[in-house]
Amino acid sequence: RFYSGSMPFAELIGSKHNEHLIGTAFSVMLFQHLITGFNVRALLFSDAVLQVLSVVLVFVIARRERLLEGKSLYVYAAAITAALLSLAQYKNALWGFQTAWYLITFFFLLSIYLLSGAADRTAPRGAIVRQTFLAAIPAVLASFTSFHGVLIWVAGAAYLLARREIRLRRAFTDAAFVCWLVMACATLAVFGSVYASKGLGGPGGHSVRALLEAPLVPIGIFVGTYGSIVGSAGRTLVLAVALTLFALIGVLAWWCLRRAADRRLYAAPLAMIVFSLLFSALVAAGRAPSGIGAARDSHYTAYTTLAVTGLLLAFAHAASDGETRRAVARVGRNALLALIVIATVSSTYTGIVAGIQWRTEQGIAAVILRDYQSAEDFELQRLLFGDAGLVRRNADFMRTHGLGLFGDTQAVPPDIARVYSVMPAGMAKVAASFPDARPALDRLWRVYRVGADLRSAFDPSSDNFAHDLIKWASGAAADGSHYLSPYLTEYSAQYSALRQALESNH
């Protein structure tokens, strides 16, 4: 509908997915698709650009608020860059549709940068209001990007309270804070209206029940989102990393509670930490029904890196401010630098391995999608996520208009997936020797391609590939013990006969 120009703009910006209003992200992604002919790789590149811009914004904020100074500047800059570009969130980097999360990181930091322009309490009230209104624009866009974009309003309020040294009882007399609050209320009112008009879908009810039935699960998820920045490391290291970060957050909070000057100085790091903590709490509540496994899901580390960045900015400055706390600050700074090094090494390895696997999966999916007209339903359902009829209808549309992989007539599978594009020679030889069994072998090859565990167990380049796979299929089709067994049952007798024939010939 978007490509053909039949989608009303109001429907585009009011798009809803579960509890998220995704109009901003949806618009950005669709306009990219329109320009590139639905090339998903464009989203991956734009996501990388957004994250690099976010890194730049952190340095601009740090410079404006004089958080990074001195001869160790380049060390801190390298550490912050490594933290924010960490492959701990490799799923976000590999999934094109995670553009929303990169947009929110960018909008959040842009909003804090613009709010810093309203920090001068001696400036005219009109100038402060204008600057605060300007800072609210990215927050509005983030609110309609994904639900956690709404958290920017809370983090922004925390920034203003700290940066402008506002006492709570006088908050409603401060021009910047009042303007920010009014914009937040207006945005949430619109958000609530659009949300209600689209139906009250989402996992909220399940989350409340899960919190009441197993309160330790969300705590585990909350802790896990911080510890998992080290990738797929062991539980002990994950727990140690999380506890270290929480201890350092506690130290920074203690400093800021004691002195208003510290709150002003560390306002930006505090905003980053507040946003990160709120996001992790939201994930812990929302994913509680799914169990503790969500704690290690890589894409939930996206904003843990903001907390690490905020802590490093604060402790790096405190270690050089000449106060008696500098010994504690240096210990915290060194702990953070060590943590970033460990997390970078560990998460990079995890991310590269996951990237190789993902590229294989995508290559196979591309092979099957290009031949979707002859593909079986279970192939489309398992590799292309969902209703086979829906996939075929959309593939028809994309092929007719030359979009996506159908627009590249020279496209070939990546080298890592090319071995899965045609039946291996050994298996084709068996099919030629037993022509009546060709349909059974064709089905087995199709089943093999969609089973990641099968691809790990059987190497298609091996001389024994056909024999080993047929041997497995004869057992799986007979006893129905494998999740792919239902697709093999029809040819159970043929697989048993082929196995006996191959073993006797061998």
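User: How many cavities of 30 Å³ or more does the count come to?
Analyst: The count comes to two cavities of 30 Å³ or more. The model is a predicted one.

User: How much space lies in the largest cavity?
Analyst: The largest cavity holds about 80 Å³ of space.

User: Which residues line the largest cavity?
Analyst: The lining consists of Ala82, Ala83, Ser86, Ala88, Ile229, Thr305, Val308, Leu339, Ile340, Ala343, Thr344 and Ser347. Two or more of the residues lining the largest cavity come from each of helix 4 (73-84), helix 15 (304-318) and helix 16 (326-370).

User: And which helix gives the most to that lining?
Analyst: Helix 16 does, contributing five residues to the lining of the largest cavity.

User: Turning to pockets, how much space lies in the second largest pocket?
Analyst: The second largest pocket contains about 380 Å³ of space. Its lining is made of 19 residues, and those nearest the centre are Gly426, Val430, Asp463, Ala466 and Leu502.

User: Which elements give two or more residues there?
Analyst: For the second largest pocket, these elements are helix 20 (425-433), helix 23 (465-479) and helix 24 (492-505). Helix 20 supplies the largest share of this lining, namely six residues.

User: New topic: how many salt bridges does the count come to?
Analyst: The count comes to 14 salt bridges. In one of them, arginine 443 pairs with glutamate 376, and the closest N and O atoms are 2.9 Å apart.

User: Where do arginine 443 and glutamate 376 lie in the chain?
Analyst: Arginine 443 belongs to helix 21 (residues 438-450), whereas glutamate 376 sits in the loop between helix 16 and helix 17 (377-383). The pair links distant parts of the chain, 67 residues apart.

User: Why can such side chains pair at all?
Analyst: Side chains of opposite charge can pair because their charged atoms come close.

User: Which residues make the nonpolar surface patch?
Analyst: Tyr3, Phe31, Leu34, Ile35 and Phe397 make a nonpolar surface patch of about 480 Å².

User: Which element gives the largest share of the nonpolar patch?
Analyst: The largest share, three residues, comes from helix 2 (residues 23-36). Isoleucine 35 lies in helix 2.

How values were computed
Residues numbered from 1 in each chain as written. Predicted model: local features only at pLDDT ≥ 70, side-chain atom pairs only at ≥ 80, totals over all residues. Heavy atoms only, no water. 1 Å grid on protein atoms, 1.4 Å probe; cavity = no way out; pocket = protein on both sides within 12 Å on 5 of 7 lines; lining within 4 Å. Points joined across faces, edges and corners; volume = space filled by probe spheres on them. Helix = DSSP H or I, 4+ residues; strand = E, 2+ residues; numbered from the N terminus. Salt bridge = Lys/Arg side-chain N within 4 Å of Asp/Glu carboxyl O. Patch = residues over 30% accessible without salt bridge, like charges linked within 9 Å, V, L, I, M, F, W, Y side chains within 5 Å. Areas by Shrake-Rupley, 256 points an atom, 1.4 Å probe, with all protein chains shown as cover.
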